[in-house]
Amino acid sequence: MTTPDPEQVLATPVDDKDLGEQLAEAGKGPSRLTIGLAAAALTAVAFAGGLWAATAFGSDSANAAPGQRGAGGLRPSGAPQAPGGAAPGGARNGAVGTVDRIEGDTLYLKGANGTEVKVKLGTDTTVQLTQPGKVSDLAPGDAVTVTGERAADGSVTARQVTEQPPR
C-alpha cells in the first residue's frame with residue numbers, strides 16, 4: 001500500500017455533504033462502544049447526584065452508626081434518623097419512635113429496629129397531641145416525635161413531645 005502525496009490529498013476537493021449525511025449514507029450510527037460509554041457516564045452522574053441528595057437531605061444509613069445501617073423508627077417527612085429513632089445533632093436533636101413505657105419523668109421510646117431511647121421529661125416539656133396535652137395523655141404504642149437535647153449517654157432531654165397520627 002502506498003502513502004498518498006500530502007499535496008495531492010490537500011488539492012482534492014472536499015465533499016459538499018456534511019459528516020452526518022455521509023455517516024447516514026454509509027449506514028453507520030454511533031458504535032456500541034460509544035453507546036456503552038454514554039451509558040456509563042450517565043450512570044456515574046446519577047450516582048453522584050444520589051450521593052449529593054443523600055448528603056443534602058439526609059438518609060437513614062448515612063447517619064447510622066457502623067453496623068446499624070438503615071435502623072430507626074417512625075419519623076416525620078424529611079427528618080434524618082440514626083439508630084433507635086434518634087435524630088442526629090444540629091437543629092434536629094431528638095428522637096422518633098413509639099412510646100414503650102413512662103416511668104415518672106422518663107419516657108422510653110422504641111424505634112422500628114427495637115432500640116430503646118430514654119427521654120428525660122422536664123417541667124418545661126410540652127406535649128402536643130391533637131390538642132395540647134400532658135405526659136399522662138400518652139400511652140404505650142403511641143407514635144411520637146421528641147425534640148430536645150441529646151446527652152452523651154444517648155438520652156434526650158425533651159423540649160417537646162408530639163404525638164403522630166395513626167398510620
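Which residues does Thr106 touch, not counting residues up to four places away in sequence? Taking contact as heavy atoms within 4.5 Å, Thr106 touches Arg101, Lys118, Val119 and Leu121. This is a predicted model, in which local features need pLDDT of at least 70 and side-chain atom pairs count only at pLDDT 80 or more, while totals for chains, interfaces and linings use all residues. Residues are numbered from 1 along each chain as its sequence is written, and side-chain values use heavy atoms, with hydrogens and water left out.

Thr106 lies in strand β3; helices (H or I, at least four residues) and strands (E, at least two) are DSSP runs, numbered from the N terminus. With 10% relative accessibility, Thr106 counts as buried. Buried here means under 20% relative accessible area, exposed means over 50%, and partly exposed is in between, using a 1.4 Å probe and protein chains only.

Lys110 is also placed in strand β3, but at 31% relative accessibility Lys110 counts as partly exposed. Leaving out residues up to four places away in sequence, Lys110 touches Gly97, Thr98, Asp100, Thr115 and Glu116. For one of these, Gly97, the C-alpha atom is separated from that of Lys110 by 5.3 Å, with the two residues 13 apart along the chain.

The next topic is the nonpolar core. Such a core is a set of buried Ala, Val, Leu, Ile, Met, Phe, Trp, Tyr and Cys residues joined through side-chain atoms within 4.5 Å. The largest one has 14 residues, and those with the most contacts inside it are Leu107, Leu109, Val119, Val144, Val146 and Val161. Two or more residues come from each of β2 (94–103), β3 (106–110), β4 (116–120), β7 (143–150) and β8 (156–163). β8 gives the most to this core, with 3 residues.

The charged side chains come next. A salt bridge is a side-chain nitrogen of Lys or Arg within 4 Å of a carboxyl oxygen of Asp or Glu, and by this rule the count comes to 4. Arg101 takes part in a salt bridge with Asp100 at 2.8 Å, N to O, and in another with Glu103, also at 2.8 Å, N to O. Asp100, Arg101, Glu103 and Glu116 are linked in a network of salt bridges. Arg101 is partly exposed at 27% relative accessibility, Asp100 is partly exposed at 29%, and Glu103 is partly exposed with a relative accessible area of 44%.

Arg101 also lies over the face of Tyr108, at 3.9 Å from the ring centre. The rule for a charge over a ring is that NZ of Lys or CZ of Arg is within 6 Å of the ring centre and within 35 degrees of the ring normal.

Which side chain does that of Glu149 meet in a salt bridge? The partner is Arg159, at 2.5 Å, N to O. Glu149 lies in strand β7 and Arg159 in strand β8, so this pair ties together parts that are 10 residues apart in sequence. Glu149 counts as partly exposed at 43% relative accessibility, and Arg159 is partly exposed with a relative accessible area of 41%.
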